[in-house]
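Here are my notes on this model, point by point. Please read them with the coordinates open.

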Amino acid sequence: MMILSKAKDVLKIEARGILALAEKLDQAFETLVQDICDTPGRVIISGIGKSGLIGRKIAATLSSTGTNAMFLHPVEAVHGDLGMVSPHDVFIAISNSGETSELNQLLPVIRGIGCRMAGFTGNPASTMARYCDLVIDTGVEIEACPFNMTPTASTTAQLAMGDALAVVLIEKKKFKKSDFMRSHPGGALGQRLASRVGEIMLTADQAPGVFVDDPMTSALEIMDRFSLGAVLVLNRYRQLQGIITDGDIRHAIARGITDYHRLTAGDVMTRNPRCSSVDAYLYDALNLMEKYEITVLPIVDADNRLEGILHLHDILGKGSFKFNGGSR
């Protein structure tokens, strides 16, 4: 029981340290986010010891979520790696005490290069902080270590602040799930998204389709039979003219249109729907679906003739993806 009690104490101390960061956030954090969004260069993160390990993780998280980032070891920097730093970069130094000699020796050189500089530190009055344009306070009241010495709560706070930065940048840069998968091709889904549309689409003979002048009752019957939430509307040359989705039916009913016996597919369809080609990558098709909040893509050739149909479920699997908006 003493073991569990001590472990719970550690978790509570670290949790309190993270929660306290929320009260310390100020304009400096907002400015850092904007600096990163505005820079044509990279985010370069540096630290040594435990803070260096945290810096590596933050750089990795930023890189995988749409922000070009790298870790620079302070000692390696002064032995040649400074050549990777440019005036267009944003430099983030990490040190809880702000008095790490190896890191502080590097900072005047970084300032001389012309980088915008920010510091994650628990000591806003430190030497490191004085070199920085922006100071992000990551200080904690106590470490979880019984001697209040081993970096525990402080490194957890640094890591959490790095995660906060990465997630805000995801929102700010409108980084999408498909973008994340593109930068993670090693996973099963990432490998799938690197495939071509033609490899997984339903071919034209498997796609639900009607002609422009077919009655709407036929379109509804075919839509129900195929259960894809859409039916494609074609002319006699098999060229795509439009699409009818579940959303189109709902919108028509909302407008008071209920007597489908008197209507043709052409009367209800949405003209010029978003399309893709058999040679397109699946991650591009997914980006298109995300952007326009659609779940079905007609696949056509250069002459707009139908070659197939692609559903969101065919890419990601049923139940694994939802839009914030509608399902058209």
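Predicted model: local features only at pLDDT ≥ 70, side-chain atom pairs only at ≥ 80, totals over all residues.

1. Next, strand β1. β1 covers residues 43-46. Val43 and Ile45 point one way, Ile44 and Ser46 the other way. Are these residues buried or exposed? All are buried.

2. The pairing of β1 with β2. β2 spans residues 69-71 and runs parallel to β1, with 3 bridges between them. Val43 has Ala69 as its bridge partner in β2. For Ile44, the partner in β2 is Met70.

3. The pairing of β1 with β3. β3 is made of residues 90-94. Here 4 bridges join the two strands, which run parallel. Ile44 has a bridge partner in β3 as well: Phe91. Strands of a sheet pair through backbone hydrogen bonds, either parallel or antiparallel.

4. Phe71. This residue sits in β2. Why does Phe71 count as buried? Its relative accessible area is 16%, and buried means under 20%. Beyond four places in sequence, Phe71 touches Ile45, Ser46, Gly47, Gly52, Gly55, Arg56 and Ala59. Ile58 is 13 residues from Phe71 in sequence, and their C-alpha atoms are 8.6 Å apart.

5. Ile45. Which residues does Ile45 contact, leaving aside neighbours within four places in sequence? They are Gly55, Ile58, Ala59, Leu62, Met70, Phe71, Leu72, Ile92 and Ile94.

6. The cores. The largest nonpolar core has 26 residues, and Leu32, Ile45, Leu62, Ile92, Phe120 and Leu165 touch the most other members. At least two residues of this core come from each of α2 (27-38), β1, α3, β2, β3, β4 (116-121), β5 (134-137) and α7 (153-172). Another core lies apart from it, with 17 residues that include Ile200, Ala285, Ile294 and Leu312. In soluble globular proteins, nonpolar side chains tend to be buried together.

Terms used: Residues numbered from 1 in each chain as written. Heavy atoms only, no water. Buried < 20%, exposed > 50% of the residue type's maximum accessible area, 1.4 Å probe, protein only. Pairing = 2+ DSSP bridges. Contact = heavy atoms within 4.5 Å. Core = buried A, V, L, I, M, F, W, Y, C linked by side-chain atoms within 4.5 Å.
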